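Visitor: I am new to reading structures and would like to go through one feature at a time. Please put the model up first.

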Amino acid sequence: TARLELRCAREGEAALRLDAHPTLRVRRAALRGTPGDGGDPQPLRVESRPFATYGSALHVHLPQPLRAGQLLSLEIDYEAGEGPGVCWLAPEQTAGKQKPYMYTQGQAVLNRSFFPCFDTPSVKCTYSATVQVPEGFTAVMSATSWEKQKDNTFVFKMSQPIPSYLIALAVGDIVSADVGPRSRVWAEPCLIEAAKKEYDGVIEEFLAVGEKLFGPYVWGRYDILFMPPSFPFGGMENPCLTFVTPCLLAGDRSLADVIIHEISHSWFGNLVTNATWGEFWLNEGFTMYAQRRISTEVYGLAYTCLEAATGRALLRQHMDNTGEDHPLNKLRVVIEPGLWGVNPDDTYNETPYEKGYCFVSYLAHLVGDQSKFDAFLQAYVNQFKFQSITADDTLGFFLEYFPELKEKGVDSIPGFEFDRWLNTPGWPPYLPDLSPGEQLMKPAEELAELWAADSLNVEVIEAVDITAWRTYQLVYFLDKILQKSPLPEGNVERLSKMYPKISKAQNAELRLRWCQIILKNNLEAEYGKVKDFLHSQGKQKYTLPLYRAMWGGSEAARALAMETFSATAPQLHVNVQNYVKKILGLEVAE
């Protein structure tokens with residue numbers, strides 16, 4: 001049962017339109033006079049009308065028109081569970097392989113298959129939930145408080161207003177361990193020790209730096225739920241409880257900094273939210289900027305610039321694949337509503353992240369003083385906290401905050417017009433200076449050149465000590481090796497033997513690139529590593545590139561693809577299964 005407590009905004013409303021996926025079956029709708037009214041509920045007529053390819057409109061007819069400001073309490077009894085936002089995992093799709101698991105994924109417009117709602121980021125609300133689950137299972141939600149009651153019933157409350165896409169539930173064989181004064185990790189029992197070891201004491205440092213830069217952390221706790229291996233995403237910033245891939249458990253904390261991105265959403269995305277999915281860069285561009293500000297404070301400017309260079313390379317790769325003029329390669333994307341409207345999920349790409357980051361960096365460049373821009377970001381968060389806003393709100397506030405820049409007309413500098421940033425597809429007009437990363441990039445580039453030579457200069461190669469290189473320096477090196485592949489015969493085998501830190505790594509970012517190098521060089525002796533990696537996880541970002549590489553490779557690589565998919569398909573998320581089937585030319589069920 002969903003109970004929605006609403007206030008009428010306009011005089012004379014005679015019906016409500018809620019978002020509900022066609023798989024959500026309404027059994028009964030009723031109206032109570034005002035919240036807390038103990039009177040008998042008044043039955044209401046409800047009809048479902050097709051609205052878009054990713055949902056439908058649930059029309060609730062009211063007995064009489066409402067007065068402006070009138071409060072009402074709407075109850076809807078319904079069944080859900082077959083829609084795209086509710087994911088059911090069989091035991092073999094979990095890490096423990098013993099018990100089933102379920103979780104919800106609301107972003108962008110999928111929570112309408114979990115509960116009837118206003119499924120738009122422009123509407124925020126508080127919520128509470130009572131969830132009863134079978135014995136031996138635990139329920140967790142993105143909530144500021146939770147309590148376990150009798151009959152294995154869990155009661156949750158989110159006291160801060162959030163958009164519907166951030167309401168999240170997971171149920172499974174889940175346990176927890178404290179890793180900081182306001183943080184704990186949640187995971188299946190077989191993963192909990194690894195999760196605690198990886199994140200003990202780490203999260204608080206990131207939170208403290210975030211608070212110093214952007215203002216108070218308003219959500220109380222910051223917990224992390226390590227999802228089953230079939231979880232197709234890197235992370236989902238559900239407030240109070242970020243859902244993340246278990247691929248972050250590298251065993252040596254080498255991917256712990258990835259969580260900085262999700263922590264940064266606590267201010268940008270969760271607290272200040274894009275009002276429409278067409279301006280997703282307001283969430284992700286600002287979050288990328290915030291992530292790199294925290295990273296600079298913790299790890300230094302050189303390492304942060306190196307990480308940003310890998311992000312820029314992904315943007316370049318994306319725009320080369322699509323063509324710079326593709327309409328999705330602008331920051332303000334038109335997402336048409338209607339029966340054949342675009343699903344916001346289908347617009348997902350690197351542009352709002354990395355081009356958005358470049359625009360925020362350009363705003364900082366216009367200010368010309370990092371401490372002043374940091375102060376602006378704090379003021380921006382404070383001005384718009386708990387609100388959903390547009391790019392016009394953001395840029396208007398920027399110009400009001402810096403009147404001297406407004407006076408100069410910085411919004412219309414030829415070639416860098418704010419309107420061009422928002423509405424013209426293509427490469428960013430301004431790129432932040434990443435030269436401080438050269439001290440880490442140059443040695444990686446030079447080492448890759450040595451390995452690409454027809455005749456290896458072993459003495460010079462052995463003189464380069466990579467033992468102290470952090471993850472993104474190794475990633476940068478491997479990206480250069482991949483670009484130069486296939487290498488001269490025998491070089492990859494020797495590289496594998498010389499750098500077990502790479503060829504035997506448990507770090508998923510390194511494993512992905514090493515597997516790509518194996519396939520690009522047709523190194524059949526190490527095909528087992530590709531197979532093992534694909535058996536160990538189902539993250540979309542890692543799975544699809546490897547299947548593309550196998551299918552575009554030799555007959556042996558194609559056979560490896562078919563064999564691996566046949567064995568792992570049951571443990572993959574259904575969307576990832578379908579994407580792989582398309583790559584392999586297999587039939588995809590409607």
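Visitor: Which residue in β13 is the bridge partner of Lys 148?

Guide: Phe 154 is the bridge partner of Lys 148 in β13. Before going further, note that this is a predicted model, where local features need pLDDT of at least 70 and side-chain atom pairs count only at pLDDT 80 or more, while totals for chains, interfaces and linings use all residues. Residues are numbered from 1 along each chain as its sequence is written, and side-chain values use heavy atoms, with hydrogens and water left out.

Visitor: What counts as a strand, and when do two strands pair?

Guide: Strands (E, at least two residues) and helices (H or I, at least four residues) are DSSP runs, numbered from the N terminus. Two strands pair if DSSP finds at least two bridges between them. Here β12 (residues 145-149) is joined to β13 by 5 bridges, and the two run antiparallel. Gln 149 stands opposite Thr 153 in this pairing. The two strands form a hairpin with 3 residues between them, and Asp 151 in that turn has a positive phi of about 60°.

Visitor: Which strand is joined to β13 by 8 bridges?

Guide: That is β10 (residues 124-132), which runs antiparallel to β13. In this pairing Cys 125 stands opposite Ile 162. As a general idea, side chains in a regular strand alternate between the two faces of the sheet.

Visitor: How do I read the order of strands in an open sheet, for example one of 4 strands?

Guide: Read the names from one side to the other: β1-β7-β3-β4, with antiparallel pairing. The edge strands, β1 (2-7) and β4 (42-43), each pair on one side only. Within the sheet, β3 (residues 25-32) and β7 (residues 71-79) are joined by 7 bridges, and Val 26 has Tyr 78 as its bridge partner in β7. An open sheet of 5 strands has the order β15-β16-β17-β19-β18, and its pairing is mixed. Its edges are β15 (175-180) and β18 (235-236). A parallel pair is β16 (residues 183-187) with β17 (residues 223-226), joined by 2 bridges; Trp 186 is partnered there by Leu 225.

Visitor: Where is Gln 70 found, and what is it in contact with?

Guide: Gln 70 is in the loop between β6 (55-61) and β7. Contact means heavy atoms within 4.5 Å. Leaving aside neighbours within four places in sequence, Gln 70 is in contact with Leu 6, Arg 7 and Cys 8. A polar atom of the Gln 70 side chain also lies 3.0 Å from the backbone nitrogen of Arg 67.

Visitor: How is the chain divided into domains?

Guide: Domain bounds come from an automatic or database domain assignment. The division is domain 1 (1-80), domain 2 (81-263), domain 3 (273-423) and domain 4 (440-584). Take domains 2 and 3: their centres, over C-alpha atoms, are 26 Å apart, and 28 residues of domain 2 are in contact with 30 residues of domain 3.

Visitor: What area is buried between domain 2 and domain 3?

Guide: Buried area is the accessible area (1.4 Å probe) that two parts lose on being put together, summed over both. For domain 2 and domain 3 the value is about 2,400 Å², with carbon and sulfur atoms giving 63%. Leu 213, Phe 214 and His 261 supply 30% of the area that domain 2 buries against domain 3, more than any other three residues.

Visitor: How many salt bridges are counted between domain 2 and domain 3?

Guide: A salt bridge is a side-chain nitrogen of Lys or Arg within 4 Å of a carboxyl oxygen of Asp or Glu. The count between these two domains is 1, while the whole structure has 33. Glu 297 forms one with Lys 212, the closest N and O atoms being 3.0 Å apart. Glu 297 also meets Arg 293 in a salt bridge (3.6 Å, N to O). Arg 293 and Glu 297 are separated by about one helical turn, because they are 4 residues apart in helix α4 (residues 281-299).

Notes. Polar contact = N/O pair within 3.5 Å; in protein donor to acceptor, adjacent residues only side chain to side chain.
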